[in-house]
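These are my notebook entries on one structure. I record what I looked up, entry by entry.

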Amino acid sequence: MYLPCPVVQNIKVSCTSWKCALEDVAWIISAPAYHLILEGILILWIIRLLFSKTYKLQERSDLTVKEKEELIEEWQPEPLVPPVSGDHPALNYNVVSGPPSHNIVVNGKKCVNFASFNFLGLLDDPRVKAAALVSLRKYGVGTCGPRGFYGTFDVHLDLEDRLAKFMQTEEAIIYSYGFATIASAIPAYSKRGDIVFVDRAACFAIQKGLQASRSDIQLFKHNDMADLERLLKEQEIEDQKNPRKARVTRRFIVVEGLYMNTGTICPLPELVKLKYKYKARIFLEESLSFGVLGEHGRGVTEHFGISIDDIDLISANMENSLASIGGFCCGRSFVIDHQRLSGQGYCFSASLPPLLAAAAIEALNIMEENPGIFSVLREKCKRIHKALQGISGLKVVGESFSPAFHLQLQESTGSREDDVKLLQEIVNHCMDRSIALTQARYLEKEEKCLPPPSIRVVVTVEQTDEELERAARTIKEVAQAVLL
């Protein structure tokens with residue numbers, strides 16, 4: 001049997017190793033220069049990490065017990081909340097006794113109410129109170145559960161059906177808190193990565209909804225359609241650069257029918273044109289315009305003769321014209337049903353007390369039976385709006401047909417705090433003369449675009465022509481005494 005020589009075998013292995021080494025060298029030589037430089041840098045970095053210290057030892061000096069105690073005594077924790085002066089308006093309440101209807105008793109003094117949003121005077125209406133009382137005896141006081149957990153009562157479904165029919169939409173959904181309505185609706189649809197174009201004068205509830213959505217927010221100047229179109233065009237150019245991203249990015253336009261902070265109406269016809277031109281969706285907040293504008297009180301869509309199908313979502317609270325509590329959204333069924341799964345205020349809050357739902361239904365009955373009430377309200381708004389023109393030191397801000405408008409200083413003192421004090425002095429003097437007014441209140445550190453201080457004037461159908469004239473005369477006289 002033949003046995004190979006070990007020496008020969010070693011020579012063969014050695015030759016094979018040299019051959020492999022030569023091939024490796026040839027590969028290295030043929031490799032791109034940037035590849036060799038990168039590998040060299042990595043090798044040097046690894047060597048540095050192996051032989052260098054990752055931290056430096058510092059000399060430690062122990063404190064004595066006395067030094068520790070002195071440091072502890074000197075340390076002052078930051079306050080949990082910033083300091084607030086004791087005379088802050090939010091800490092000094094005006095206490096109301098009795099219903100805040102036509103006449104209101106504030107701090108024991110009877111006044112004509114120009115402060116509560118009881119536009120149609122239904123808050124103290126006998127029919128509304130009787131319907132609430134019947135419901136109270138049948139269902140009790142509250143619900144003690146969200147809509148999905150034994151919190152849905154038949155009266156809730158009746159109210160949703162009535163609201164949908166009144167607004168001429170497919171479906172409606174009700175919330176138990178007015179503020180939470182639009183604040184829940186916006187993040188139910190608009191998510192991170194979506195784009196929302198919103199008016200700078202949008203109310204605080206809209207701002208909170210936008211914040212919760214974590215969407216990209218684009219603010220346009222108040223009621224400035226040219227500025228809005230500029231932003232839409234800029235976004236269109238960005239979409240052309242990245243078509244893949246544009247296909248999954250949703251665009252929303254969020255506006256109010258009548259703006260709470262300005263009393264002005266949105267230019268809805270122009271907004272609808274921009275919606276179709278730039279393929280966006282419109283969310284319309286109608287808390288002030290619902291039950292006010294339009295021949296039948298259906299809001300800004302009826303006021304302009306715009307088809308309600310052109311609006312993707314309408315929301316409003318029931319705390320103004322309906323004189324109840326809560327809010328509602330209405331639109332197409334597939335849009336509204338999504339809120340039943342994603343609307344936080346709907347899913348997690350206890351549902352609307354049945355007595356308040358019954359009161360809202362009766363208020364709708366009165367609105368439908370007496371459509372002339374809306375024209376009466378608008379006439380009263382125009383009367384006091386005209387009477388308040390030409391006040392020394394004050395200017396009227398808002399539409400002549402808006403039941404809630406503002407009185408602002410013509411010239412600021414240069415200090416917001418001083419402006420607030422001047423306006424509050426006017427409010428107090430009017431209160432002494434039995435006219436109940438209030439300043440518009442804002443969370444100054446939270447507002448995205450803080451409006452200037454103002455006195456808010458609210459008109460209702462219950463106020464007589466003589467009371468409107470007396471209120472305007474009183475405001476003029478007080479303003480002249482305070483500001484001049």
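Is Leu50 buried or exposed? I find Leu50 exposed, because its relative accessible area is 64% (buried means under 20%, exposed over 50%, partly exposed in between, with a 1.4 Å probe and protein chains only).

**Basis of the model**

I note that this is a predicted model, in which local features need pLDDT of at least 70 and side-chain atom pairs count only at pLDDT 80 or more, while totals for chains, interfaces and linings use all residues. Residues are numbered from 1 along each chain as its sequence is written, and side-chain values use heavy atoms, with hydrogens and water left out.

**Confidence**

I looked up pLDDT, the predictor's confidence in each residue, from 0 to 100. The protein averages 90, and 92% of the residues score at least 70. Over residues 5-14 pLDDT stays under 50, and the model has one contact beyond four places in sequence for them (contact means heavy atoms within 4.5 Å). Where pLDDT is low, the predicted coordinates should not be read in detail.

**Surface patch**

I returned to Leu50, which lies in helix H2 (residues 33-51). Helices (H or I, at least four residues) and strands (E, at least two) are DSSP runs, numbered from the N terminus. Leu50 belongs to a nonpolar surface patch with Ile43, Leu44, Ile46, Ile47 and Phe51, with about 690 Å² of accessible area together. Patches are made of residues with over 30% relative accessible area and no salt bridge; like charges are joined within 9 Å, and nonpolar side chains (Val, Leu, Ile, Met, Phe, Trp, Tyr) within 5 Å. Accessible areas come from the Shrake-Rupley method with a 1.4 Å probe, and for residues only the protein chains shown count as cover.

**Salt bridges**

I found 25 salt bridges in the structure (a side-chain nitrogen of Lys or Arg within 4 Å of a carboxyl oxygen of Asp or Glu). Arg127 and Glu362 form one of them, at 2.7 Å from N to O. This pair links distant parts of the chain, with Arg127 in helix H4 (residues 126-139) and Glu362 in helix H15 (residues 354-369), 235 residues apart. Arg127 counts as partly exposed because its relative accessibility is 36%, whereas Glu362 is buried at 16%.

I then looked up Asp161 and Lys165, whose closest N and O atoms are 3.3 Å apart in a salt bridge. Both lie in helix H6 (residues 154-167), four residues apart, about one turn of the helix. Asp161 is partly exposed at 37%, and Lys165 is exposed at 57%.

Glu229 forms a salt bridge with Lys277, at 2.8 Å between the closest N and O atoms. Glu229 is in helix H9 and Lys277 in helix H11 (residues 268-278), 48 residues apart. I also note a network of salt bridges that links Arg147, Glu160, Glu171, Asp337 and Arg340.

**Asp227**

Helix H9 (residues 225-241) also holds Asp227. I find Asp227 buried, because its relative accessible area is 10%. Not counting residues up to four places away in sequence, Asp227 touches Leu219, Phe220 and Lys221.

**Sheet**

In which order do the four strands of the open sheet lie? I read the order as S11-S12-S15-S14, with antiparallel pairing (two strands pair if DSSP finds at least two bridges between them). Strands S11 (394-397) and S14 (438-439) are the edges, each pairing on one side only. Strand S12 (residues 404-409) pairs with strand S15 (residues 455-458) over four bridges. Ala404 has Val458 in S15 as its bridge partner.
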